[in-house]
Amino acid sequence: MDAPIQVHGLTKVYGGGFRAVDALELNVPSRSFMGFLGPNGAGKTTSIKIITNMLTATSGEAFINGVSVMRDPKTALADVGAVVETPEFYPYLTPMETLHYLGALRGMSVGESTNRGRDLLDMVKLTEWKDQRVGKFSKGMKQRLAIAQALLTQPSVIILDEPTSGLDPRGMVEVRDILKQLRKMDVTVLMSSHLLNEVQEVCTDVSLINRGKLLRSGSVADLLDEVKARKIEVKTMRPLTPDMFDRLRSVPGVKGFVVTGDLSFAIDFEGEEDAQARLLIELQNLGLMVVSFKESGLALESLYMSLIMESR
Ligand SMILES: Nc1ncnc2c1ncn2[C@@H]1O[C@H](COP(=O)(O)OP(=O)(O)OP(=O)(O)O)[C@@H](O)[C@H]1O
Ligand SMILES: [Mg+2]
């Protein structure tokens, strides 16, 4: 089956001649959770607004389930649930009343929207708030209700623009938990984010953009594989002493190391998982009594930064 979301040569030139989106290509495979990753101003919201027909493109085309958004927006978007900006809900309605109202607009019966609404409020953890007015809700709660309304008609394609943006750390964790549930459902998701760790945590695939152009696209696992150089942080019960330095340096894959504290050091390591497992055994053999041995995400962060720097 063709990718549910396909974008070809998408370009948006704003007034004054500024190219916010520049010949963008995007393919979101069926049932993938695609992270649309890029720094502030990369063109994520502009692209998503064009794909959801909130904005017209200067040129290029977007297809959803094979239907052109430009030529037949109604059919193209019939099977799409989207959260683009945190929607303003009617403050005097409860979450269930909100879902009834939106359900009616989308042709659902009260019975249907009640059943579906109950499940969705449960999923987004708003059940205990179901009789409270939305006007009193925090931004995180509104965002969760927004995700529920996007899922109301059981669309197969979900499009989310920075769903955790502007939330406090707890609100972010709560929304990410919901995103992880989406990954288990029979849906295709496109979600923008400027946070690499969020994409790594939630998404199966990633399309990295900067200055309106696609820099890289592929599975998150492949991107991680590409980053062979890892930094491994080690904490021990006994100090790493100078007489051990040579032996540590001679372990296959070890490119260098930095002592970061009395009982901690960081190793620059390049190798596959079996080599990493052997490194851990070597450290134990040195009698260091390893307390923790963890790969830090810094290598991927630096790949992300270098791709963005290269595109400037
Ligand atoms: N209506 C507009 N008129 C002119 N320029 C605009 C308009 N909207 C956005 N831009 C510019 O287009 C570029 C892309 O903006 P866009 O909002 O799509 O980026 P983004 O990737 O969503 O960024 P962020 O992470 O900050 O949300 C930015 O440089 C922005 O200033
Ligand atoms: Mg944006």
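Two strands pair if DSSP finds at least two bridges between them, and strands themselves are DSSP runs (E, at least two residues), numbered from the N terminus like the helices (H or I, at least four). By that rule, strand β9 (residues 205-210) and strand β10 (residues 213-219) pair in the antiparallel sense over six bridges. Ser207 faces Ser217 of β10 across this pairing. The two strands make a hairpin with two residues between them, and Arg211 in the turn has a positive phi of about 50 degrees.

Before going on, a word on what you are looking at. This is a predicted model, in which local features need pLDDT of at least 70 and side-chain atom pairs count only at pLDDT 80 or more, while totals for chains, interfaces and linings use all residues. Residues are numbered from 1 along each chain as its sequence is written, and chains are lettered from A and ligands numbered from 1 in the order in which they are written.

Let us turn to the open sheet, whose four strands follow the order β2-β1-β4-β5 with antiparallel pairing. Its edges are β2 and β5 (67-68), each of which pairs on one side only. Strand β1 (residues 5-14) is joined to β2 by seven bridges, and Gln6 stands opposite Asn27 in β2. Helix α1 lies across β1, β2 and β4 (59-64), at about 115 degrees to β1; here axes are lines fitted to C-alpha atoms, for helices over the stretch in contact, and angles run from 0 to 180 degrees between N-to-C directions.

Both α1 and β2 return around ligand 1. Its shell (residues whose C-beta atom, placed from the backbone, lies within 6 Å) includes Tyr14, Phe18, Lys44, Thr45, Thr46 and His194. The elements giving two or more residues to the shell are β2 (18-28) and α1 (44-51), with α1 giving the most, three residues.

Finally, the interior. A nonpolar core is a set of buried Ala, Val, Leu, Ile, Met, Phe, Trp, Tyr and Cys residues joined through C-beta atoms within 7 Å, where buried means that 20 or more other C-beta atoms lie within 10 Å of a residue's own, all placed from the backbone. The largest such core has 60 residues, and Ala148 and Ile159 have the most contacts inside it. Helix α5 (residues 139-151) gives the most to this core, with six residues. Contact means C-beta atoms, placed from the backbone, within 7 Å; Ala148 touches Leu99, Leu120, Leu121 and Val124, leaving aside residues up to four places away in sequence. A second, separate core of nine residues includes Val234, Ile267, Phe269 and Leu279.

Conventions. Buried ≥ 20, exposed ≤ 12 C-beta atoms within 10 Å, placed from the backbone. Contact = placed C-beta atoms within 7 Å.
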